[in-house]
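Here is a quick tour of a protein model, with an eye on its charged side chains. Have the structure open while you read.

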Amino acid sequence: MTLVHRVLPPSPYLSLDEYVKAGGGRGLENARAVEPEAIIGEIEASGLRGRGGAGFPTGRKWRSVASFASEVVPTMIVVNAAEGEPGTLKDRTIIRRNPYEIIEGALIAAKALVASTIVIATKASFTREVERLAASVGELRAAGWTDGVEISIFEGPEEYLYGEETALLEAIDGRPPFPRIAPPYRRGVVEVVETDADAVSGSGLAAHVEMAGETDAPPVLVDNVETLANVPKIIARGAAWFRTEGTDRSPGTLVCTVTGATRRAGVGEVLMGTSLREAIAEVGGGPEDGQSIKAVMVGVSGALLGPDQLDTPLTYEDMAAAGSGLGSGSYLVFDQRDDLAAVAAGVARYLAVESCGQCTPCKEDGLEIADRLATLCAGGATEDDVRAIEARLASVTTGARCNLAAQQQTVVGSIVEWFGHELRSHLDPDTPAVEPMLVVDLLDIDDADQTVVDERFRDKQPDWTYDELWSGKSPVERLIDHRDRR
């Protein structure tokens, strides 16, 4: 098995001319020659599924958005470039190597959904990617590719939840990145109205907003960077071509990031259906000398996979059957030197800190899970702590409006289930103490193929500040006015 280059070219396209010489632009040309229905039909026939984690069929999503189109206000296209899953660098790598294909995919989506606005939502901290995107948009605008479509770049916050599509829309509309209930395909960025400060909203939505109800508010299509990067070639070459690689139910390729206990860290594109073992070998060089793989973590979204599951094909259906998921293609590898109690504590703290606090169990139970696991790692825990961890894992998802609490339950729960013996070994006073593993955002992979991570997270407080002491508030308490609502 070798790496492929459908979406991720082996070297960057440094100009629009280079991209065009390689075949760029044909998809947009074809799209503008047909009716929107033909474009959506081709995406449906291709079997393309979202590469941001959920794996929802892209064509079905586009059709749903089209069905809720407003007759008054045009639909909006949002490119989700807010990559933040721990261990993931694939979207930023695509942006660095070929931003033109992402923007072309978004322009094709705009034609299919009769949209006049594209927002590329990334993070302010992604300075390298923002510069590349801005320069590329300028080239495309000068070349006439964007006629009739306004493209802007939104530089958002650093928080993990900003990547959740409803939280991302909240941020674009000027509010904190707190997930909301309304599906974006029905109600997009401009679909909410501020409630009277003294009125009870009753909506349960972030930022105390009401649904606009039966109005002409437009829907928004939110698609991931890698998803949209697949679109131009599908429209240029056809759905049948796209299906020539991958599997019947998971066609195409996957751009994945491999980090952890491997010979190198890396980002590479593999065929869907490639085994996890092969992907780790090809992208990350396999385990280090004299070591064997103990477990693989799918970012902080899917259950850990053990050594007997390394031959699982990287498809949506096979990874789900293995009890995990394809996720955003982030695979963190652990070997026999890694203590899974430390991993569990690190994951728990990351998710607890990044919880916004709208759902009390998510924040409070998450923090308790993290604290008790840290106590366990330090050698100060008892059986009561283990039972409390198990109890909080059961209750942490109560009332959850987004998937973060379920990730706590799934990822930490899988470690408790499959590596419970390692956790319980720390009840023995003779077991050496360990520090919780730093599970955090990946900033880059350097020239030596080593990861560069966000070390600042060690000092991040649960209220999303870097103050010396935690205020005791959750982000939603700190960032939203909670005056009495009679």
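## Counting the salt bridges

How many salt bridges does the count come to? The answer is 34. Keep in mind that this is a predicted model.

Let's start with a pair that reaches across the chain. K460 forms a salt bridge with E354, and their closest N and O atoms sit 2.9 Å apart. The two partners come from distant parts of the chain, 106 residues apart: K460 is in the loop between β13 (451-453) and α18 (475-479), while E354 belongs to helix α13 (residues 340-354). Both partners are under the 20% cut-off for buried: K460 has 2% relative accessibility, and E354 has a relative accessible area of 3%.

## Two partly exposed pairs

Next up is R372, which forms a salt bridge with E368, with 2.8 Å between the closest N and O atoms. Helix α14 holds both R372 and E368, and they are four residues apart, about one turn of the helix. Neither of these is buried: R372 is partly exposed with a relative accessible area of 25%, and E368 is partly exposed with 21%.

R424 and E383 make another salt bridge, with the closest N and O atoms 2.7 Å apart.

## A shared network

Some salt bridges share partners, and that joins E158, E159, E354, D454, R456 and K460 into one network.

## A buried lysine without a partner

Which side chain of opposite charge is nearest to K363? That would be D463, at 7.6 Å. A salt bridge needs a side-chain nitrogen within 4 Å of a carboxyl oxygen, and K363 has no salt bridge even though it is buried.

K363 is found in helix α14 (residues 360-378), the helix that also carries R372 and E368. So what does K363 touch, leaving out residues up to four places away in sequence? Its contacts are A352, V353, S355 and G357, along with P462, W464, S474 and P475.

## Stepping back to the whole chain

The protein chain has 18 helices and 13 strands. Its C-alpha trace spans about 70 × 65 × 35 Å along the principal axes. Why call the overall size a match for a compact globule? For 486 residues, such a globule would have a radius of gyration near 23 Å, and the protein chain has 23 Å, so the two agree.

Of the 486 residues, 55% count as buried. If you take the contacts between residues at least 6 apart in sequence, 72% of them join residues at least 24 apart. As for the surface, the protein chain exposes about 19300 Å², and carbon and sulfur atoms supply 50% of that area.

Finally, back to charge: the protein chain carries 46 positive and 76 negative side chains. The centres of the two sets lie 3 Å apart.

Notes: Residues are numbered from 1 along each chain as its sequence is written. This is a predicted model: local features need pLDDT of at least 70, side-chain atom pairs count only at pLDDT 80 or more; totals for chains, interfaces and linings use all residues. Side-chain values use heavy atoms; hydrogens and water are left out. The radius of gyration is taken over C-alpha atoms; the globule rule is 2.2 Å times the number of residues to the power 0.38. Buried means under 20% relative accessible area, exposed over 50%, partly exposed in between (1.4 Å probe, protein chains only). Contact means heavy atoms within 4.5 Å. Accessible areas come from the Shrake-Rupley method with a 1.4 Å probe; for residues, only the protein chains shown count as cover. Lys and Arg count as positive and Asp and Glu as negative; His and the chain ends are not counted. The place of a charge is taken as NZ of Lys, CZ of Arg, CG of Asp or CD of Glu.
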